[in-house]
Amino acid sequence: MTRPLRVAIVGAGPAGIYAADLLTKAEREFDVSIDLFERLPAPFGLVRYGVAPDHPRIKGIINALIKVLDRGDIRLFANVDYGTDITREELQEHYDAVIFSTGCFIDAKLDIPGIDLERSYGAADFVNWYDAHPDVPQTWPLDAERVAVIGNGNVALDVARVLAKQADDMRSTEIPDHVYEGLRRSQVTDVHVFGRRGPAQAKFTPLELRELGHVKDVDIIVYPEDFEFDEASMATIHSNNQVKQVTKTLTDFTLREPTGAPRRLHLHFLHAPVAVLGETEVTGLRTERQELDGSGGVTGTGEFTDWPMDAVYRAVGYFGTALPQLPFDDQRGVIPNHEGRVADSLRQADAAEAPFLPGVYATGWIKRGPVGLIGHTKGDALETITHLIEDHLAGDLPDPAEPGEDAIVELLRSKGVDFVDWEGYHLLEAAEKALGEPHGRERVKIATREAMLAEARRAVVPADGTVG
């Protein structure tokens, strides 16, 4: 009997799980056996650790991903760190193909003077804190009163909203006590979001923006002088329903009168940050006024404004991280590839005829960069899976030395890797739901790696999520 095609997927976020699901459902005349590897004790990537806790609708994507893994035809090996616990050579000894779907989870750089001052933060670090990432400290400095958020996308909006929102309004979400207490002690009074381009070029999604207008005890303040629409802007508004909804919501905000709320969230457009001010720590942000150029872009006017600020958060995008034993594009933050086939060097990337690493593939943000919404990774996965199947049928995949399903389990155990399987995740999930139940909350996140692993082992952990 012919053995199944063995595939390892490194990264158990949506991209990796979509790839696994599509491979199991693909039209084929051979069996497949798929193992997911994840460096954290729980899967789901940026859905678990990148989506704001007050967005349960987006968090609901996890329920769909759980259904995929609940089928039982895809194995999970969480708490396994690629490059430390297992190498590419070891994976290729056990699998016909390896797909890397490790995503992008660090902040993109913003190269302006003063960006490295104290109280200048990356949005990803703040998101990791309020999403209770197990590998980050449980404290966050929230003693700034005036805060600037640089960026005009949903992450910038999430960061600004969480900063401006009253802690008690977050109490019903999955945040653990240390996040609630940190937000409760926050001194913020004004949050300013700065975007380089105009309202019609903002990358907010309509729902996120509308929700902003319903935050209690927060005044939304916009500035009529920022509302410029050139010919390209109007064409986009008329042809793109999402842009039309965003600009309508923003325009509606201009009609609001301040209510005297204790906190204010300011939205600025056509202001390009050019420097963070201060000697050792942030004292302000300098922006240059921009004007629309008629084609959807902007140019500087030479008019500068210094805004007094106590802290700055940059939310200008995520960036990929280099992986051991793989080429990496330092400029784009991706693994060099052509339609998912990983090139054997950076020079060979993006060429259909390039030499490729046999049996090595990429999907998701680490394949194409951090652009698009979560659902867009399905298209990435389909493209990658299609090429993987083509290569298998053409006989281009290397034969693994140890293709048996038990061999990888034996390898990890021989190395002392404390991996979490799918049953272990369900134990963790049950523990988090049990923490939330007495308070009428769906769950409360367990915030340390040690406590997560303990729950996955059915260990008894104190209710505060710590281990003694």
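In the predicted model, helix α4 is in contact with helix α15 through I66, L69 and D70, which meet W422, Y425, H426 and E429 of α15. By class, the residues of this contact comprise four nonpolar, one polar and two charged. The axes of α4 (residues 61-70) and α15 lie 11 Å apart, at an angle of about 145°. The crossing of these two helices is left-handed.

Aromatic pairs number 18 in the structure. One of them joins F44 to Y425: the ring centres are 5.4 Å apart and the planes stand at 85°, so the pair is classed as edge-to-face, the limit for that class being over 60 degrees. F44 belongs to the loop between β2 (32-38) and α2 (45-49), whereas Y425 belongs to α15 (residues 422-436); the pair therefore ties together parts of the chain that are 381 residues apart in sequence. Both partners are covered. F44 has a relative accessibility of 0% and so counts as buried, and Y425, at 1%, counts as buried because its value also falls under the 20% limit. Y425 is also one of the α15 residues that meet α4, so the residue that pairs with F44 takes part in the helix contact as well.

A second aromatic pair is formed by Y121 and W140, with 5.0 Å from centre to centre and 55° between the planes, and is tilted. Y121 is placed in strand β6 (residues 120-122) and W140 in the loop between α6 and β7 (146-150), so this pair ties together parts that are 19 residues apart in sequence. Y121 has a relative accessibility of 14% and therefore counts as buried. W140 is likewise buried, its relative accessible area being 17%.

The spacing of the contact residues may be read against helix geometry. An α-helix has 3.6 residues a turn, so residues three or four places apart point the same way.

Helix α7 is mostly covered, with ten of its eleven residues buried. The buried residues are N154, A156, L157, D158, V159, A160, R161, V162, L163 and A164.

Strand β14 (residues 311-314) contains V312. V312 has a relative accessibility of 0% and so counts as buried. Leaving aside residues up to four places away in sequence, V312 touches R119, S120, Y121, A148, I150, V276 and V282. Of these, Y121 is the partner of W140 in the tilted pair. By contrast, V312 and I374, which are 62 residues apart along the chain, have their C-alpha atoms separated by 27 Å.

Conventions. Residues are numbered from 1 along each chain as its sequence is written. This is a predicted model: local features need pLDDT of at least 70, side-chain atom pairs count only at pLDDT 80 or more; totals for chains, interfaces and linings use all residues. Side-chain values use heavy atoms; hydrogens and water are left out. Rings of Phe, Tyr and Trp (its six-membered ring) pair if their centres lie within 6.5 Å; planes under 30 degrees apart count as stacked, over 60 as edge-to-face and the rest as tilted. Helices (H or I, at least four residues) and strands (E, at least two) are DSSP runs, numbered from the N terminus. Buried means under 20% relative accessible area, exposed over 50%, partly exposed in between (1.4 Å probe, protein chains only). Contact means heavy atoms within 4.5 Å. Axes are lines fitted to C-alpha atoms, for helices over the stretch in contact, and angles run from 0 to 180 degrees between N-to-C directions. A crossing is left-handed if the near helix is turned anticlockwise from the far one by less than a right angle, and right-handed if clockwise. Ala, Val, Leu, Ile, Met, Phe, Trp, Tyr, Cys and Pro count as nonpolar, Asp, Glu, Lys and Arg as charged, and the others, Gly among them, as polar.
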